Amino acid sequence: MREIREDNHRLVMVEDGQEIAEITFQMQDEHTLVIDHTYVSEELRGQKLGDQLVKAVVDIARTDGRQIVPACSFALAQFKRHQDYKDVWRQDEK
């Protein structure tokens, strides 16, 4: 059985006691999380585990009333793909 655990600014997907995927984020400020790393073990890629982890961080941000800066390339691709993340996507105006 797979489960997602929160552990000190990261979410870890665990299966049978083994960490199989993770996403890390930092607080940029009181209102903003920065997703800075996503990893899925090579043999499990393509199973949408990374997608699930990004969604879990989005859910945390929504619950806490925060915005997200998707700094890692995988998270950024997810935010571009999912219009429903727009409410938490912090896009600084240039």
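The model is a predicted one, in which local features need pLDDT of at least 70 and side-chain atom pairs count only at pLDDT 80 or more, while totals for chains, interfaces and linings use all residues. Residues are numbered from 1 along each chain as its sequence is written, and side-chain values use heavy atoms, with hydrogens and water left out.

A few terms are needed at the outset. Helices (H or I, at least four residues) and strands (E, at least two) are DSSP runs, numbered from the N terminus. A residue is called buried when its relative accessible area is under 20%, exposed when it is over 50%, and partly exposed in between (1.4 Å probe, protein chains only). Contact means heavy atoms within 4.5 Å.

With 16 residues, α1 reaches 23 Å from its first C-alpha to its last, close to the 22 Å expected at 1.5 Å a residue; the expected span is 1.5 Å times one less than the number of residues. Its buried residues are Leu 49, Gly 50, Asp 51, Leu 53, Val 54, Ala 56, Val 57, Val 58 and Ala 61. What covers them includes the strands β1 (2-6), β2 (10-15), β3 (18-29), β4 and β5, together with helix α2. After α1 comes Gly 65, whose phi is positive, near 70°.

An α-helix has 3.6 residues a turn, so residues three or four places apart point the same way. In α2 the buried residues are Ala 75, Gln 78 and Phe 79. Seen down the axis of α2, these residues fall within an arc of 100°, so they line one face of the helix; the arc is that of the directions from the helix axis to the C-beta atoms. They pack against β4, α1 and β5 (67-70). The face turned away from the buried side carries the exposed residues Ser 73, Lys 80 and Arg 81. Of these, Ser 73 has a relative accessibility of 63%, which is why it counts as exposed.

Two packed helices are described by the angle between their axes and the distance between the axes. Helix α1 (residues 49-64) and helix α2 (residues 73-81) pack at an angle of about 75°, with their axes 10 Å apart. This angle makes α1 roughly perpendicular to α2. Axes are lines fitted to C-alpha atoms, for helices over the stretch in contact, and angles run from 0 to 180 degrees between N-to-C directions. Angles of 65 to 115 degrees count as roughly perpendicular, those under 35 as roughly parallel, those over 145 as roughly antiparallel and the rest as oblique. On the side of α1 the contact is made by Gly 50, Asp 51, Val 54 and Val 58, and on the side of α2 by Phe 74, Ala 75, Gln 78 and Phe 79. These residues divide into five nonpolar, two polar and one charged. Here Ala, Val, Leu, Ile, Met, Phe, Trp, Tyr, Cys and Pro count as nonpolar, Asp, Glu, Lys and Arg as charged, and the others, Gly among them, as polar.

Attention may now turn to the strands. Thr 38 lies in strand β4 (residues 32-40) and counts as buried because its relative accessibility is 19%. Not counting residues up to four places away in sequence, Thr 38 touches Glu 22, Ile 23, Gly 50, Cys 72 and Phe 74. Val 34 is also found in β4 and is buried, with a relative accessible area of 15%. Leaving aside neighbours within four places in sequence, Val 34 is in contact with Thr 24, Phe 25, Gln 26, Gln 28, Val 69 and Ala 71. In strand β3 lies Met 27, which is partly exposed at 33% relative accessible area.

Two loop residues complete the picture. His 9, in the loop between β1 and β2, has a positive phi of about 65° although it is not a glycine. Lys 48, in the loop between β4 and α1, likewise is a residue other than glycine with a positive phi, near 65°. His 9 is partly exposed, with a relative accessible area of 34%, whereas Lys 48 is exposed, at 55%.
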